[in-house]
Amino acid sequence: MEPSDTKQETLDRRYMRMATIWAENSYCNRRKVGALIVKNKMIISDGYNGTPAGFENVCEDEHGLTKPYVLHAEANAITKIARSNNSSEGATLYVTASPCIECAKLIIQAGIKRVVYAEKYRLEDGIELLKRANIEVIYLNEEAYDK
């Protein structure tokens, strides 16, 4: 740990490492994404990209393209909260890839106030929407958390 690191930066790196490990649960071949929702230093939900419950665990079609009904890691984590007694109001979302615009809408509506992400995606519209909603957005590149 660098002397300039704050406790929050240290926690951010740790939770991002955990989200990266969680991504390994995904059955998707093209990209494995993991997400954790943390509130008051407790993981209150988790998710990874994949098919809805009850569907076969195959994310890509015969051409290698992602099936349209595959859920993103953030959507899985947020909908898991909806089925629990927890609230994501004021929580932090850690996700291994930057949120798309559809997931950004869910993040806003879920009351999440902070998003930490690792891999940048070519489209930044999700990130821009989060910032417009006054959600704190932090990019942590892989070198920052893989130690």
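Which hand does the link of Cys 28 and Cys 59 have about the S-S bond?

1. A word on the model. This is a predicted model, where local features need pLDDT of at least 70, side-chain atom pairs count only at pLDDT 80 or more, and totals for chains, interfaces and linings use all residues. Residues are numbered from 1 along each chain as its sequence is written, and side-chain values use heavy atoms, with hydrogens and water left out.

2. The disulfide. The link of Cys 28 and Cys 59 is left-handed, with -70 degrees about the S-S bond. Counting as a disulfide any pair of cysteine sulfur atoms within 2.5 Å, the structure has one disulfide. The sulfur atoms of Cys 28 and Cys 59 are 2.2 Å apart. This pair links distant parts of the chain: Cys 28 is in the loop between α1 and β1, and Cys 59 is in the loop between β2 and α2, 31 residues apart. Helices (H or I, at least four residues) and strands (E, at least two) are DSSP runs, numbered from the N terminus. Cys 28 is buried at 3% relative accessibility, and Cys 59 is buried at 1%. Buried means under 20% relative accessible area, exposed over 50%, and partly exposed in between (1.4 Å probe, protein chains only).

3. Two cysteines without a bond. The sulfur of Cys 100 has its closest cysteine sulfur in Cys 103, at 3.9 Å, which is too far for a bond. Cys 103 is in no disulfide, and with a relative accessible area of 4% Cys 103 is buried.

4. Look next for the six salt bridges, each a side-chain nitrogen of Lys or Arg within 4 Å of a carboxyl oxygen of Asp or Glu. One of them joins Arg 114 and Asp 12, at 2.6 Å from N to O. Arg 114 sits in strand β4 (residues 114-119) and Asp 12 in helix α1 (residues 7-23), 102 residues apart. Arg 114 counts as buried at 10% relative accessibility, and Asp 12 does too at 4%. A network of salt bridges links Asp 12, Arg 114 and Glu 136.

5. Two further salt bridges. Arg 31 and Glu 119 meet at 2.8 Å, N to O. Arg 31 is in the loop between α1 and β1 (34-39), while Glu 119 is in strand β4, 88 residues apart. Arg 31 is partly exposed at 35%, and Glu 119 is partly exposed at 37%. Lys 80 and Asp 46 also pair, their closest N and O atoms being 2.5 Å apart. Lys 80 lies in helix α2 (residues 73-82) and Asp 46 in strand β2 (residues 42-48), so the pair ties together parts 34 residues apart in sequence.

6. The largest pocket. A pocket is an open set of points on a 1 Å grid over the protein atoms alone, where a 1.4 Å probe fits, with protein on both sides within 12 Å along at least five of seven lines; lining residues have an atom within 4 Å of a point. The largest pocket has a volume of about 560 Å³, a volume being the space filled by probe spheres set on the points, which are joined across faces, edges and corners. Its lining has 23 residues, and Arg 31, Val 33, Thr 66, His 72 and Tyr 121 lie nearest its centre.
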